[in-house]
Structure formats: C-alpha cells, structure tokens
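Here is a short report for a first look at this structure. Keep the sequence and the 3D view at hand while reading.

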Amino acid sequence: QVQLVESGGGLVQAGGSLRLSCAASGRTFSRYSMGWFRQAPGKEREFVAAISWSGGSTYSTDSVKGRFTISRDNAKNTVYLQMNSLKPEDTAVYYCAADASPIYNSDSCYYAHSLTCDYWGQGTQVTVYS
C-alpha cells in the first residue's frame, strides 16, 4: 500500500514558477514508477510527466516539454514537479500517481496515458493568472 500526499500548489502569475511535491508513505517507494497528471475544469484528467524507479528515465507530454521537470528523491520518498514559464492553460488540479509497471511498458498508466495507475494522491490546485 502506498499513500501519496501532494503539496506546493498555489496561485501564480503567468511566467512564474512553482514546485510541486508528492510525499509517499511506505518502504517500497523506490519500486514504483511515479508520475503527474492534471485535470482542468470541465476537462478530463491528462498525463503530464513520468519518472522511472531509479529516476534515470523521464518523459512528459508535449505541452510541458522544456518548461516542466520531474524528479525524485528515493531517500526522501518524494517526487517533484518543477514548473517554469507557467501559462494560464496550466491551471488545473495536479495529481501524483504511483504505478508498479516500468514507464516504457505498454501497460504503464503513464505510457498509455490512462488512469489505471495503482495509487493516486488527493491533488493540489495550481492556478495561473495572466
């Protein structure tokens, strides 16, 4: 069992930065691929970024490439999402997720951009104003 708690959301002006954190409980954090999804008002939840067990591999959706960076610290059981050059269209609730599948496996929730990840956090609100 893994419990995930996100933090770091808030209100920021366009062009600004935020860093989201996701703290995981349990001793098996390093066995899980981790990722971030987001859900804007009236829209479906969408994939943002993923990182492998070791942190050595990452990928992200095209709309955030070059602006968002995912990272993890297995010693702290925490995954991060550094968000720079924020835009109003980045406004959403951001969710952390954990999945047992490697991020490049076809059954990975991140690879498939599906909502079948094993564990989810409760979400943190990010609002970007122009």
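## Strands 1 and 3

Strand 1 pairs with strand 3 (residues 18–24). The pairing is antiparallel and runs over four bridges. Ser7 stands opposite Ser21 in strand 3. The model shown here is predicted.

In general, strands of a sheet pair through backbone hydrogen bonds, either parallel or antiparallel.

## Arg72 in strand 7

Strand 7 covers residues 68–73 and holds Arg72. Arg72 is buried, yet has no salt bridge. The nearest side chain of opposite charge is Asp73, 8.3 Å away.

What does the side chain of Arg72 reach at 2.8 Å? It reaches the backbone oxygen of Tyr32. The backbone oxygen of Ser52 also lies 2.8 Å from a polar atom of the Arg72 side chain.

## Ser108 in a loop

Ser108 sits in the loop between strand 9 (92–99) and strand 10 (119–120). Is Ser108 buried or exposed? Its relative accessibility is 0%, so Ser108 counts as buried.

Leaving aside neighbours within four places in sequence, Ser108 is in contact with Tyr59, Asp99, Ser101, Pro102 and Ile103. Ser33 is 75 residues apart from Ser108 in sequence. In space, the two are 8.8 Å apart, C-alpha to C-alpha.

Methods
Residues are numbered from 1 along each chain as its sequence is written. This is a predicted model: local features need pLDDT of at least 70, side-chain atom pairs count only at pLDDT 80 or more; totals for chains, interfaces and linings use all residues. Side-chain values use heavy atoms; hydrogens and water are left out. Helices (H or I, at least four residues) and strands (E, at least two) are DSSP runs, numbered from the N terminus. Buried means under 20% relative accessible area, exposed over 50%, partly exposed in between (1.4 Å probe, protein chains only). Contact means heavy atoms within 4.5 Å. Lys and Arg count as positive and Asp and Glu as negative; His and the chain ends are not counted. A salt bridge is a side-chain nitrogen of Lys or Arg within 4 Å of a carboxyl oxygen of Asp or Glu. A polar contact is a pair of N or O atoms within 3.5 Å; within protein, one must be able to donate a hydrogen and the other to accept it, and residues adjacent in sequence count only if both atoms are side-chain atoms. Two strands pair if DSSP finds at least two bridges between them.
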